[in-house]
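I'm opening my notebook on this one and jotting things down as I look them up. Metal site to begin with, then the sheets.

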Amino acid sequence: MLTELTSKAMPKSLQLKENCFLDQFGERETLQARFNYYPKCQRPDLILGLKPHADGSGYTFILQDEIGLQIFNNDKWHTAPNVPHAILVLMGDQMEIMTNGVFKSPVHRVLSNSERDRISIAMFYTPEKGKEIGPEEGLVDGERPQLFKRVKDYADIHYEYYQRVMRALHTAEA
Ligand SMILES: O=C(O)CCC(=O)C(=O)O
Ligand SMILES: [Fe+2]
């Protein structure tokens, strides 16, 4: 399954045990799909498709049929390329916590388009309800102190802040 492949691929680049993220997500982890439809808009300069936010998931798979998704990095918005049939994997706040800040959960938004409608599917992969997650031990040492505490049901806290157009990640800081 895609989540298993992805969760097992990520520890490799971090020299961690293959199952470490799978274990943190737990056995009753959730995968929720959101289907987004962005109708074309005559004045795309006046309206955003989706306001800036970071996801509260562990990570998110995105399938899109048009460009429009932008990622904020180094004080600039960068448009994610649209590679046909490719699934984009976006880190959510909970992977930033589990990797002790090594993987970043980026602020992203969606622009409007004056020419074409846009459809995207976002699949949010989130740790099991009630299960504590926290920074992997292998990513905490003298040079990289523990940046986040152990938390549970972070997605609920994230949702409260999201409603107020605020980031929630600081609530998990150590
Ligand atoms: O439509 C997209 O490409 C992104 C959607 C998104 O960021 C979200 O639903 O959280
Ligand atoms: Fe998002």
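Before the metal site, a term: donors are N, O and S atoms within 2.8 Å of the metal (3.2 Å for Na, K and Ca), and water is not among the atoms, so sites may look incomplete. With that in hand, I read the spacing of the donors of the iron ion (ligand 2) along the chain as H-x1-D-x52-H.

Ground rules for my notes: this is a predicted model, where local features need pLDDT of at least 70, side-chain atom pairs count only at pLDDT 80 or more, and totals for chains, interfaces and linings use all residues. Residues are numbered from 1 along each chain as its sequence is written, chains are lettered from A and ligands numbered from 1 in the order in which they are written, and side-chain values use heavy atoms, with hydrogens and water left out.

**Entry: the iron ion**

Which protein atoms are the donors of the iron ion (ligand 2)? I found His53 (NE2), Asp55 (OD) and His108 (NE2), at 2.1 to 2.2 Å from the ion.

Are His53 and Asp55 buried or exposed? Buried means under 20% relative accessible area, exposed over 50%, and partly exposed in between (1.4 Å probe, protein chains only). His53 has 8% relative accessibility, so I put it down as buried. Asp55 has 5%, so it is buried too.

**Entry: ligand 1**

I counted a residue as near if one of its heavy atoms lies within 4 Å of the molecule or strand. Ligand 1 has 14 residues around it, and the closest are Arg34, Tyr38, His53, Arg118 and Ser120.

Next I looked up polar contacts (pairs of N or O atoms within 3.5 Å; within protein, one must be able to donate a hydrogen and the other to accept it, and residues adjacent in sequence count only if both atoms are side-chain atoms). An oxygen atom of ligand 1 sits 2.6 Å from a side-chain N or O atom of Ser120. For His108 the distance is 3.1 Å, and for Asp55 I noted 3.3 Å.

Strands (E, at least two residues) and helices (H or I, at least four) are DSSP runs, numbered from the N terminus. Two strands pair if DSSP finds at least two bridges between them.

I traced an open sheet of 4 strands, E1-E8-E3-E6, with antiparallel pairing. Strand E1 (30-38) and strand E6 (88-91) are at the edges with a single partner strand each, so one side of each has no neighbour in the sheet.

How many bridges join E1 to strand E8 (residues 118-126)? I got 9. Gln32 is in strand E1, opposite Phe124 in E8. Contact means heavy atoms within 4.5 Å. Beyond its neighbours within four places in sequence, Gln32 is in contact with Ala122, Met123 and Phe124.

**Entry: the other sheet**

I also found an open sheet of 4 strands in the order E2-E7-E4-E5, again antiparallel. Its edge strands are E2 (48-53) and E5 (76-79), which pair on one side only. Strand E4 (residues 69-73) and strand E7 (residues 108-111) share 3 bridges, and Leu69 faces Val110 in E7.

**Entry: Ser112**

Where is Ser112? In the loop between E7 and E8. Its relative accessibility is 17%, so I marked Ser112 as buried. A polar atom of its side chain lies 2.8 Å from the backbone oxygen of Ile47. Not counting residues up to four places away in sequence, Ser112 touches Cys41, Pro44, Ile47, Leu48 and Gly49.
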